[in-house]
Amino acid sequence: MLEKYKQEARELDKNDKLAHFRNQFEIGEEIYLDGNSLGRLPKKTLELSINLIQNQWGKRLIRSWNEHWIVLPNKVSAKIAQIVGAKPDEIFVGDSTSVNFYKLAFATLNFQNDKSKIITDSLNFPTDIYVLQGLIEQQFKNHTLTILTSEDDMSISKEAIEQALDKNTALLTLSHVVFKSAYKYDMQKINDLAHQNGALVLWDLSHSAGAVPVNLNESSADMAVGCTYKYLNGGPGAPAFLYVKRELQEKLSNPIWAWFSHQKPFDFTLDYTAKNDVQRFAAGTPSVLSLAAIEAGLDVMIEAGMPNLREKSVAQSSFLIELVQNLLEPLGFSIASPLDADARGSHISIQHQEGYRINRAMIEPADGSPSIIPDFRPPNNIRLGIAPLYNTFEELFLTVVRIKKIVVTKEYERFGDEKLTVI
Ligand SMILES: *Cc1c(COP(=O)(O)O)cnc(C)c1O
C-alpha cells in the first residue's frame with residue numbers, strides 16, 4: 001500500500017500546474033507543514049528587504065517617505081483586496097489582527113448602541129474572545145457575550161447561529177475558517193441570517209486569506225480582519241488588515257483617534273477630523289519594514305490565482321485524509337477536520353492521545369531524517385497545514401509514513417510533556 005501511495009504522490013506532483021511556484025520560496029531540508037502559522041519566505045522578499053534597508057533607509061533616509069513609503073499602505077491594501085474579493089478602498093493594512101479586531105468591534109457596538117448582544121462561538125481564536133470580554137468589562141458594561149459551543153469541537157451548525165440571532169444582536173463575529181479543525185463557514189449564508197436580524201458581522205479571515213477563496217463583496221460581508229503572516233507569507237508579525245464595506249465606512253468610528261487617521265495629518269492642527277474612508281481606521285506611522293515585506297508574497301499568490309490554489313489545496317487535503325484514514329487511524333489517530341472539502345480550509349487536524357510528544361518527535365527526529373514541522377494545538381491536535389504554493393504531495397506522503405514510524409517504534413517516548421513557549 002505504501003508503494004502505491006508513493007507512486008500516486010509522485011504522479012500528482014508531476015501533473016501539478018502550480019509546482020514551479022515552490023522555487024519562488026526559500027526551501028530548506030525540512031518538510032514544512034506550518035504555513036498556517038508562519039508562511040515561508042519568498043525569495044523576492046529577501047531581495048526587496050535588503051534593498052529597502054540598504055538604500056531606501058540607509059541612503060535616502062527621510063526622503064524615502066515621499067519616494068516610496070507614503071503610498072505603500074495603499075499599494076499593499078489593493079493587493080490584499082484582490083485576494084479577499086474587496087475594493088481597494090475597502091482595505092486598511094497595518095497594526096495587528098487583535099488591534100484591528102478591537103477597533104471594528106468597538107466601532108460596531110458604538111454604532112449599534114440600541115442593541116446589547118454579541119455572539120461568537122467556542123471555535124473562535126481566543127484573542128478575539130478576549131477582546132470582546134475586555135470591551136464588555138471596560139466600556140460596554142451592559143452588553144452580553146454569547147459563546148455558542150460546538151458539540152463535536154469541530155463545527156457549529158447554521159441552525160445554532162440562526163437560533164442565537166435576534167433583534168437585540170449588535171454583532172456576530174466568527175472565524176471564517178476556524179483555527180483548530182479548519183471548519184469553514186458559509187459566509188454568504190451567515191451574513192444573510194445576521195442581516196435579517198439587523199446584526200452586523202465581523203469575520204476573522206486569518207485562516208482564510210490565501211487559503212480559501214474569499215469574496216467579501218459578493219458574500220455581502222460587512223467587516224473583516226485577518227493576518228498576513230500565515231498563508232500570505234508576509235513574515236513574522238507582519239501587519240494585519242481590516243475590511244469595511246463602503247456603505248459602512250462613514251458610520252463607524254475608530255476608537256483610536258490618531259494622526260494617521262486624520263484628514264490632514266501633516267497640517268498638525270489640534271482638532272481631530274477623521275478621514276472619511278477606510279483609512280480612518282489607521283492609527284500611527286505604518287511599520288514600513290514589515291509592510292514592504294508583505295508585497296512579494298501577495299504577488300506570488302495573485303499570480304498563482306486563488307481558484308487554482310484552492311483546487312490544489314483540496315486535492316492535497318483529500319489525499320492526506322485518505323493516507324491518515326488508511327495508515328494512521330489503525331494506530332489510534334482520528335481526524336478532527338471536516339471530511340467534506342466544501343466545509344474545510346487548508347489544514348487537517350489529526351488527534352492522538354500522545355499528540356504533543358508525536359509532534360515533538362516529528363520536529364526533532366532521532367534517525368537523522370529531515371525535520372517535519374507541523375504545529376500543535378491543545379489538548380491533542382496536530383495540525384498539518386497545507387500551503388499549495390510550496391507543499392508537494394510527496395511531502396504529505398513522507399509525513400504520514402514518518403508519523404506511522406514514530407508511533408510504531410514509540411520514538412515519541414524520548415520527549416516529556418512540558419511544552420515549549422511557542423507551540
Ligand atoms: C493567527 C490569528 C490571529 C492573530 O492575531 P494577531 O493579533 O495578529 O496576533 C487572530 N485571529 C485568528 C483567527 C488567527 O488565526
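Trainee: By class, which residues does the shell around the ligand have?
Mentor: The shell has two nonpolar, seven polar and three charged residues. Here Ala, Val, Leu, Ile, Met, Phe, Trp, Tyr, Cys and Pro count as nonpolar, Asp, Glu, Lys and Arg as charged, and the others, Gly among them, as polar. This is a predicted model, where local features need pLDDT of at least 70, side-chain atom pairs count only at pLDDT 80 or more, and totals for chains, interfaces and linings use all residues. Residues are numbered from 1 along each chain as its sequence is written, and side-chain values use heavy atoms, with hydrogens and water left out.

Trainee: Which residues surround the ligand?
Mentor: Among them are Ser98, Thr127, Asp128, Asp204 and Lys230; to count, a residue needs a heavy atom within 4 Å of the ligand.

Trainee: How far is the side chain of lysine 230 from an oxygen atom of the ligand?
Mentor: An N or O atom of that side chain is 2.5 Å from the ligand oxygen. For aspartate 204, a polar side-chain atom lies 2.7 Å from a ligand nitrogen.

Trainee: Which elements give two or more residues to the shell?
Mentor: Those are α5 and α6. Helices are DSSP runs of H or I with at least four residues, strands are runs of E with at least two, and both are numbered from the N terminus.

Trainee: Switching to α6, which residues are buried there?
Mentor: Thr127, Asp128, Ile129, Val131, Leu132, Leu135 and Ile136. Buried means under 20% relative accessible area (1.4 Å probe, protein chains only).

Trainee: And what do they pack against?
Mentor: The buried residues of α6 pack against α5, β3, β4, β5 and β6, with contact meaning heavy atoms within 4.5 Å.

Technical notes. Buried means under 20% relative accessible area, exposed over 50%, partly exposed in between (1.4 Å probe, protein chains only). A polar contact is a pair of N or O atoms within 3.5 Å; within protein, one must be able to donate a hydrogen and the other to accept it, and residues adjacent in sequence count only if both atoms are side-chain atoms.
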